[in-house]
Amino acid sequence: MNMLMNKTLASVALLFAFTQLSVSAAPLRAPISRPSAESSVLSAITVTGHSELKVKPDIAYANLQVITQDKDQSVAVAANATRTQAVIDTVKRSQIADKDIQTEYYTVQPMYDYRNSPAVLTGYQVTNSIRVTIRNLSKAGLIIDKTTQAGANSVGGVSFDLADRNKAQGLAIVEAVRNAASKADLIAGAAGVSVGRALSITEGTAPTIQPVMYAQKTMMMADASAPTTPIMSQDITITADVTVSYAIDYPSR
């Protein structure tokens, strides 16, 4: 009887040891498969897209200034009015519409001689600044020459821009989204998954357009026989940034 009980206990112990060995040898992780809805497994890829486009400008802005000085304020004001009107008439004869001729600012300032103490009033300076929009870039240099001949004695700057900014900005945003999609595909491929539908798209920064600006130049009355002033436009840089989150498509079980 004792011998039979000992054999039974030995058999039970052997079976328990085999069971423990089988459990410990089982795989610790299951193969990668599509997560359930309740799973905390990563479910999106978020990337940023950037674009930078070069666009030819189609309009120019010229800031024309008429500056007059005189000891008598009324004389300086009258002289400025006469010369400014001559500049405006010249611009209009260059087929520039009224809506493209705007006064930027008008000032009447006293001038002092600070070599004396107290300072001595020496006269007045009158400045009338006009902003002209030039839609035919090939005429920009000629218009500037004609207006300086008419009485504009300072060009506060010439800048180039786009008449339709929305179109250019739209193109930049489209390129930024394409750049984001390309990054997402690259990341998904490296991780062994696929890119699904876009979950969200956000502009990281507003698209920017940088106008090209030429520095201010003070000019003497231009000689009508002088060569036309060359004005060469430069490309405008447009940038856009977006942040896009894509769903992840995991391989089937």
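Analyst: Let's start with a handy definition: a residue is buried under 20% relative accessible area, exposed over 50%, and partly exposed in between (1.4 Å probe, protein chains only). The model is predicted, so local features need pLDDT of at least 70 and side-chain atom pairs count only at pLDDT 80 or more, while totals for chains, interfaces and linings use all residues. Residues are numbered from 1 along each chain as its sequence is written, and side-chain values use heavy atoms, with hydrogens and water left out.

User: Is Glu175 buried, exposed or partly exposed?

Analyst: Look at its relative accessible area, which is 32%. That value falls between the cut-offs of 20% and 50%. Glu175 is therefore partly exposed.

User: How far apart are N and O where the side chains of Glu175 and Arg178 meet?

Analyst: Both residues are in helix 4 (residues 165–191), and as they are three residues apart, about one helical turn separates them. Helices here are DSSP runs of H or I with at least four residues, strands are runs of E with at least two, and both are numbered from the N terminus. The two side chains form a salt bridge (a side-chain nitrogen of Lys or Arg within 4 Å of a carboxyl oxygen of Asp or Glu). From N to O, the distance is 3.0 Å.

User: How far apart are the end C-alpha atoms of helix 4?

Analyst: The expected span is 1.5 Å times one less than the number of residues. Helix 4 has 27 residues, so it should span 39 Å. The model agrees with this, as the end C-alpha atoms are apart by 39 Å.

User: Which residue follows helix 4?

Analyst: Let's go from one end of the helix to the other. At the start of helix 4, a side-chain oxygen of Asp164 comes within 3.3 Å of the backbone nitrogen of Asn166. Helix 4 is followed by a residue with a positive phi, near 75°, and that residue is Gly192.

User: What does the buried part of helix 3 pack against?

Analyst: Helix 3 covers residues 140–150, and its buried residues are Ala140, Gly141, Ile143, Ile144, Asp145, Thr147 and Thr148. After the helix comes Gly151, with a positive phi near 145°. The buried residues pack against strand 2, helix 2, strand 4 and strand 5 (154–161).

User: How many residues apart are Asp235 and Lys56?

Analyst: These two form a salt bridge, with their closest N and O atoms 3.1 Å apart. Asp235 is in the loop between strand 8 (217–218) and strand 9 (236–249), and Lys56 is in the loop between strand 1 (44–55) and strand 2, so this bridge links distant parts of the chain. Asp235 is partly exposed at 35%, whereas Lys56 is exposed at 62%.

User: How many salt bridges does a search of the whole structure find?

Analyst: Another example is Lys92 with Asp98, at 3.6 Å from N to O. Lys92 is partly exposed at 40%, and Asp98 is exposed at 53%. In the whole structure, the number of salt bridges found is seven.

User: What is Ser129 in contact with, leaving aside neighbours within four places in sequence?

Analyst: Ser129 sits in strand 4 and is buried, with 0% relative accessible area. Contact means heavy atoms within 4.5 Å. Beyond those neighbours, Ser129 is in contact with Leu64, Gln65, Gln102, Thr103, Glu104 and Tyr105.

Note on methods: A polar contact is a pair of N or O atoms within 3.5 Å; within protein, one must be able to donate a hydrogen and the other to accept it, and residues adjacent in sequence count only if both atoms are side-chain atoms.
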